[in-house]
Amino acid sequence: MDLIEIEKIIDIAAKRGDKIVNLSHRGLTVVSSSIQKLLNVQKLSLNDNNLLMPPSEITTLLRLEELVLDNNKLTMLPTGIGNLTNLQYLSVCFNPLGALPSDIGHMSSLTQLWAVECQLMNLPPEIGRLRHLEKFSVRGNNLSGLPAEITNLRKLVWLCVAENHLRDLPDGIEELTMLSHLDLNHNKFDAIPDCVLKLSVLASLHMKGNRIKSVSDDTILSLSDLTKLDLRDNELCVKPSHWKGLEYILVGGSADRPSDKDDSDPSPYTQLQQVLDGASEESDGEMGRAKGEPYEALSGWKIDQSDEDLNNNEG
């Protein structure tokens, strides 16, 4: 789609005061400066384009609550993204970012942050300022450690750091007193970290594909309130005989339970995009009845979704 058509879409959306604007799958390599006209936009989708330059123009859209930049070619996020203090949902998955900017810590309203497969080497300590964050995924990056400041995320309920290079967790992780789901799959742990045993409301712990050889009975006793403990694909291959009745503990190979779903984090907009791809093409920027209603239904779903639902909708 050429820039003239994009300008028309933006102009129409601006004149109507649209709150939902979908500019995904448009072949964009840059974001037009006219996007600043969208003064009322609250939900903006720019995913699945070819954006190379950080779209700095979006940092003026101060009413934004949801921003999706998945599946582009961004190597950095725009300077001033911290200005989006009303943003509640940010997804930047599948971009070669390498790092998250420090001013992300200014996004004080953020409740969900998704940075899957972004080639991240570390996380900025400012991540600890996101005091309202509830769901956070950095699956599939190059992290060898987590900043100590992550223990400040006291409202965190769902955390996925799978497919990294972690060997331990920061001291004080037990301060995450609302954390119920922790995904440590496919890292380099040789034991269940002691700090995990102190997470008072933890319900599901996923440590598949690590280097765990054994688990003490005291550890199992400390984790007796779990509904799921996944230890598959570790060096511990067989349940000890006195674990036989503990069905919530999974041991062995993944292939031993082909019907059991993996619990890696979902790609947040996979189902949304299926809805959009199946809907009729529209020329304006806002999703109309066919697109807007599924979007809003899914939007509410993803923000309020339970941990069990998240586990059953992998991406």
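1. A contact here means heavy atoms within 4.5 Å. In the protein, residues 24 or more positions apart account for 36% of the contacts with a separation of 6 or more.

2. On provenance: this is a predicted model, in which local features need pLDDT of at least 70 and side-chain atom pairs count only at pLDDT 80 or more, while totals for chains, interfaces and linings use all residues. Residues are numbered from 1 along each chain as its sequence is written, and side-chain values use heavy atoms, with hydrogens and water left out.

3. Secondary structure consists of five helices and eleven strands. These are DSSP runs numbered from the N terminus, with helices being H or I of at least four residues and strands E of at least two.

4. The eleven strands form an open sheet with parallel pairing, in the order S1-S2-S3-S4-S5-S6-S7-S8-S9-S10-S11. Two strands pair if DSSP finds at least two bridges between them. Strand S1 (20-22) and strand S11 (249-250) are the edge strands, each pairing on one side only. S1 runs parallel to strand S2 (residues 43-45) and is joined to S2 by three bridges; Ile20 has Lys43 in S2 as its bridge partner.

5. Of the 315 residues in the protein, 52% are buried (buried is under 20% relative accessible area, exposed over 50%, partly exposed in between; 1.4 Å probe, protein chains only). The accessible surface is about 13500 Å², and carbon and sulfur atoms hold 48% of that surface. Areas come from the Shrake-Rupley method with a 1.4 Å probe; for residues, only the protein chains shown count as cover.

6. One aromatic pair is present in the structure. The ring centres of Trp114 and Trp158 lie 5.6 Å apart with the planes at 45°, so the pair is tilted. It links distant parts of the chain: Trp114 belongs to strand S5 (residues 112-114) and Trp158 to strand S7 (residues 158-160), 44 residues apart. Both Trp114 and Trp158 are buried. The criterion covers rings of Phe, Tyr and Trp (its six-membered ring) with centres within 6.5 Å; planes under 30 degrees apart are stacked, over 60 edge-to-face, and the rest tilted.

7. Zero disulfides are found in a search of the whole structure (a disulfide is a pair of cysteine sulfur atoms within 2.5 Å). Cys160 counts as buried because its relative accessibility is 0%. Cys195, at 12%, also counts as buried.

8. Asp225 sits in the loop between helix H2 (217-222) and strand S10 (228-230). With a relative accessible area of 65%, Asp225 is exposed. Its C-alpha atom is separated by 8.3 Å from that of Val201, 24 residues apart along the chain.
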